[in-house]
Structures are given as C-alpha cells and as structure tokens.
Amino acid sequence: MNLTKTSESKAFGGLHQQFSYASEVLNSETRFAIYLPPNASSSTPVPVLYWLSGLTCTDENFMQKAGAMRVAAELGMAIVTPDTSPRGGAVPDDPQGAYDLGLGAGFYVNATQAPWSTYYHMYDFVVSELPKVIEQHFPVNRIKSISGHSMGGHGALTIALKNAGEYCSVSAFAPIANPTQVPWGKKAFSQYLGEDESSWAQYDTCLLLKTFQNEPVPALVDQGEADNFLEEQLSTDTLKKMVEQVNYPMQIRLQAGYDHSYYFIASFIEEHLRFHAKYMELA
C-alpha cells in the first residue's frame, strides 16, 4: 500500500508522523498517526501500542492531549492511533448529524447493514489491515498491545478478548463495557448490525467475558467517578461483577473526582503505558 505522509514532528527524540492511504477494508481514504521512539530502527524494531479513540475523535486527540509520547520514548514503545471511522464524500453519516452514529463513531465493529456495510469495517481494519501496514512500513516488531477510551475502550477490550493470542495486554479508560444494554450501543448496533440482538453479543465486553475460554489477556481499566456518562452509558458496575464472576485478571480502578475528559487520560496514561511495557517485556 502506498502511504502519503501528511505531517511530521520531532518529539522527545522520536518522531510523530501522520499518514493517509486508500484502505481496502474501509473502501475509503483513511488516516493514522504513529509515534516512533528514538531507539526504533530496522535493526532494533520496537513493540506497538494501538490506541483506539472515542466518539467524535480522530487520530489527533490522543497524540496531542494525552501526554503519552514522553513515556513511550523512555520505554521504547511505538504508538499507533487510527481514526474512529471511515471518512470521505461517499461514506454515510447519521442523517440527523448526531455525534454517536456515522462519521467519528465506527464503534470498532464490522457493519452488516446497508448503507454502512460498504465502509464501516473498523474491526477488520484495526485487527488485520492496520497492523499489516504498520509492520510493513515501519521499524516495529509483531509484539503489540491495545488500549482506548470510551468507545475506543469498548473496542480495545472486545478486540483483545476476541483475539487473545495476538495482544500482550489491554487497557481502557471509561470503556462502554456493556453496549448491548445502553443507549449509545443500542443505537449504533441496531444500525450497523441490524435488529437481531444476538449478533450484537460479539462486540460486548461483558458478554464476551461470560463465555471466555482462552488464555486471559492481562487487563487494566480506569474509570472516573465523576464521569457524567458513568451511570447511563458505561456499565462499570456490570463489568466489575462479570470480572469477579468469571475470575478474569482485569484490574478495575475507580478514580475519585475524575471525569470523561482527556485530563483524566493524561493523569493516568503513564501508568497504563508502564502496565503494557511489563507485558511487552520492556520494563
């Protein structure tokens, strides 16, 4: 695949770069950002943390606001941030222009329903196509972990559980943990996947945990107690109960006074990167 570099900046001795290319999976032009630490080279390829952002975000939010590059440079870890949905003139959006469906709201699923099914294959993009592109074009190895926020936390957890042998570790900030039971998830899944709710279960962390039988992926979740979406959309209590019920190795931390914003992410991202580094054998 031919990549087009759209920006490059030096940061903490490494490089932050943005690229675009024509995605076969998304049937549209897409963009991603990558941070390469100073030690990354063809002779010393580095592991990768894939970060999945939340509703309305692009590849830029995490790279600009989270403060992760300093720690990634120290640890010798690359970070890759894809966009949150396909984009372009032909890509469908919510007819009412709502923020929780369509552009910026791919929910990391493979859509099966028209008009979404031609483009909205964010699950296959994150799991299959993007890692191949990264491993082909950049000095990285095949060691990888995954993390995300809100809708991206949902994506990170479900992807790790469905592909347990592919990821060293997974973490999430304020994930939508039980989307089949909350307004955001019900709206998106009914449009992308159809009205048959049995097809929704494969993208629900709590339901995946209920039937999980593979080698566990070590997991860390942080949730702000002052998050205004906590009760209606995130289902952290349900996640805690399911983790305890199946004895899954997922640490869930409630952080007093923190909300849903990038101030919250920036406050704990270093701990998350060091968590992943341990399982990547960087620490």
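Biologist: Which residues have the most contacts inside the largest nonpolar core?

Modeller: The largest nonpolar core has 95 residues, a core being a set of buried Ala, Val, Leu, Ile, Met, Phe, Trp, Tyr and Cys residues joined through side-chain atoms within 4.5 Å. The model is predicted, so local features need pLDDT of at least 70 and side-chain atom pairs pLDDT 80 or more, while totals for chains, interfaces and linings use all residues. Residues are numbered from 1 along each chain as its sequence is written, and side-chain values use heavy atoms, without hydrogens or water. Inside this core, the residues with the most contacts are Phe62, Phe107, Ile134, Ile146 and Tyr192.

Biologist: Which helix gives the most to this core?

Modeller: Helices (H or I, at least four residues) and strands (E, at least two) are DSSP runs numbered from the N terminus. With eight residues, the element that gives the most to this core is helix H3 (residues 122-137).

Biologist: Which residues is Ile146 in contact with, leaving aside its neighbours within four places in sequence?

Modeller: Contact here means heavy atoms within 4.5 Å. Ile146 is among the core residues with the most contacts. Beyond its sequence neighbours, Ile146 is in contact with Leu49, Tyr50, Leu52, Val126, Ala156, Ile159, Ala160, Tyr167, Ser169, Val170, Ser171 and His276.

Biologist: How many of the twelve residues of H4 are buried?

Modeller: Buried means under 20% relative accessible area, exposed over 50% and partly exposed in between (1.4 Å probe, protein chains only). The buried residues of H4 include Met151, His154, Thr158 and Leu161. H4 is largely enclosed by the rest of the structure because the number of its residues that are buried is eleven.

Biologist: How far apart are the end C-alpha atoms of helix H4 (residues 151-162)?

Modeller: The expected span of a helix is 1.5 Å times one less than its number of residues. For the twelve residues of H4 this gives 16 Å, and the separation of the end C-alpha atoms agrees, at 16 Å.

Biologist: Where is Pro37 found, and which residues does Pro37 touch beyond four places in sequence?

Modeller: Pro37 is found in the loop between strand E3 (28-36) and strand E4 (46-52). Its relative accessibility is 3%, so Pro37 counts as buried. The C-alpha atoms of Pro37 and Met77 are separated by 6.2 Å, although the two are 40 residues apart along the chain. Not counting residues up to four places away, Pro37 touches Gly14, Val46, Ala72, Ala73, Gly76, Met77 and Ala78.

Biologist: Is Ala172 buried or exposed?

Modeller: Ala172 lies in strand E7 (residues 170-173). Beyond four places in sequence, its contacts include Ser147, Leu157, Asp222 and His272. At 0% relative accessibility, Ala172 therefore counts as buried.

Biologist: Which peptide bond is cis, with omega near 0 degrees?

Modeller: Most residues other than glycine have a negative phi, and most peptide bonds are trans. Pro115 has its place in the loop between strand E5 (78-82) and H3. The cis bond runs from Ala114 to Pro115.

Biologist: What is the phi of Ala174, and what is that of Glu281?

Modeller: Ala174 lies in the loop between E7 and helix H5 (183-192) and counts as buried at 0% relative accessibility. Glu281 is in the segment after helix H9 (262-279) and counts as exposed at 71%. Phi is positive in Ala174, near 45 degrees, and positive in Glu281, near 65 degrees.
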